Amino acid sequence: MRLALVVCVLVSQHQVAAADDGVSRHLFYGELLGKAGEYGVGYELALSPRLALGAAGSFAVVRDQQLATFAPYLHLTLLAHHTHALFAELGAVVTHSKVPSPVSSWDGMTATGGGGFASIGYQHATRHLVMRATGSAIVGEGGIGPAVGFTIGIRP
Amino acid sequence: MKAALLALVAGCVDVANTGTAWEDLSAITGELAPEHGPDPAPLAAPTTLRVATFNVHFADDVDNLAAQIRASTYLARADVLFVQEIRRYHSEPVSRVERLATALGMTWVYAPAHTVDNGGVHGVAILSRYPLVAAQVRQLPYFDQPNPEQRIALRADVVLDGAPLHVVDVHLDTRLAPSDRIRQLDPALQDVGDRMVIGGDLNTLPWTWVDGAVPLTGTEAVVGQDQATIVDDFFAGNGFARAIASDVVTTRAPIFSMRLDDLYARELAVTTGDVEHVDGSDHWPVWFDLRR
């Protein structure tokens, strides 16, 4: 209870700070090979200068295989200096895969899985433009897999 | 510019050709001419037939490879052995397949898939303690992707007390997406017969590949739908039983655990099967027993 109260106070203080520096709290982005698979689009809401809530999603068709992914997450800025920042993300991932059959003797295959991910990354940001490179460990029903992603986004 | 953009959106992998029909070995001449060894000494047909598959990674040291197989409790008793990635060089007086088969007391058929540097060829073989007849080869669909290779399937009938058993040895591409792997594999099952054994190096790397170059490792980790599972499902849908489960490792690759190789039988009961840990290659062989 005490911890929750402290977090609320910190977040509300940071919200004031975020509003004060004139940078939008909203980030819209596209990513390549990140938490949302081959590519994805996402939205992030800054709760404070160091804390944000986000979600990325995608629908990709890779050589007939249909992949739908949704990944909500928490974004935490660990270190920041001018336009540079080191950040971490922690989140969940749900993916639905459908492999349609390319041949008549088989019906194809579908599967849905869930898991989580932890990422660490570098960000270069200006007032309106954000670029990130991220390394992630994604854990789920198939074990653990590494992923390297790239993000470019705008703060309107 | 427009074409480049379309290529980028559509991806860089495509089926460049859909392969060929089964061809008799005698129809193939030149550098890729197949080999067919003499019939072995007559043997009584067994009630339980053991079939094994082994990607021998070029078989540079045939004597050691033969010694490894003979020293294995499970492989030494194999009646039929599928071999992948075995080479033949002009500079060597006897082909590596012939040396291996002779050392194991078996006959053989060998089909090169393509040429390699230094005047050699690279292909697949079927070795058997029983006569092999009706040997044929077919080119499998060719995928235009980074570092492409022509892949083939080699089939033959093993003569067992008058009732031939159809066997097919395959070696598929490495960096294929699941649907393309099924596209490449499916022709190897066609026009062979119902009672058959098929196997080899299916190269079922777990992930979906983007443009034959980038594996979606994170996606596979979340879904748990690796390519070995997909290929098993394809075979099950075609009435086949497998030798080993999709999580059994058949390669020495560091970090990642992968089942690249397996065997499947239709209209024959699989009584037991496993992977065998022997030296001599970057793969481990797989075997299973079939009740006839």
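Me: Two strands are said to pair if DSSP finds at least two bridges between them; over how many bridges do strands β8 (residues 132-139) and β10 of chain B pair?

Reply: This is a predicted model, in which local features need pLDDT of at least 70 and side-chain atom pairs count only at pLDDT 80 or more, while totals for chains, interfaces and linings use all residues. Residues are numbered from 1 along each chain as its sequence is written, and chains are lettered from A and ligands numbered from 1 in the order in which they are written. Strands (E, at least two residues) and helices (H or I, at least four) are DSSP runs, numbered from the N terminus. Val133(B) stands opposite Asp157(B) in β10(B), and the antiparallel pairing of β8(B) with β10(B) has 6 bridges.

Me: Which residue takes a positive phi in the hairpin of β10(B) and β11(B)?

Reply: β10(B) also pairs with strand β11 (residues 163-171) of chain B, in the antiparallel sense over 8 bridges, and within this pairing Val158(B) has Leu165(B) as its bridge partner. The hairpin has 2 residues between its strands, and the residue with a positive phi, near 35°, is Asp161(B).

Me: In chain A, how many strands make up the closed barrel?

Reply: The barrel runs β1-β2-β3-β4-β5-β6-β7-β8 with antiparallel pairing. One of its pairings joins β2 (residues 37-46) to β3 (residues 51-62) by 6 bridges, where Glu44(A) has Gly54(A) as its bridge partner. The number of strands in the closed barrel is 8.

Me: Is Val99(A) buried or exposed?

Reply: Val99(A) lies in strand β5 (residues 84-99) of chain A. A residue is buried if 20 or more other C-beta atoms, placed from the backbone, lie within 10 Å of its own, exposed if 12 or fewer, and partly exposed in between. Because Val99(A) has 27 C-beta neighbours inside 10 Å, this residue counts as buried.

Me: Which residues of chain B does Val99(A) touch?

Reply: Two residues are in contact if their C-beta atoms, placed from the backbone, lie within 7 Å. Leaving out residues up to four places away in sequence, Val99(A) touches Gln65(A), Gly108(A) and Met109(A), and in chain B Pro178(B), Ser179(B) and Ile230(B).

Me: Which element gives the largest share of the side of chain B that touches chain A?

Reply: In total, 28 residues of chain B are in contact with 34 residues of chain A. On the chain B side, the elements giving two or more residues are α4 (178-185), α5 (217-223) and α6 (227-237). The largest share, 7 residues, comes from α5(B).

Definitions and conventions: Pairing = 2+ DSSP bridges.
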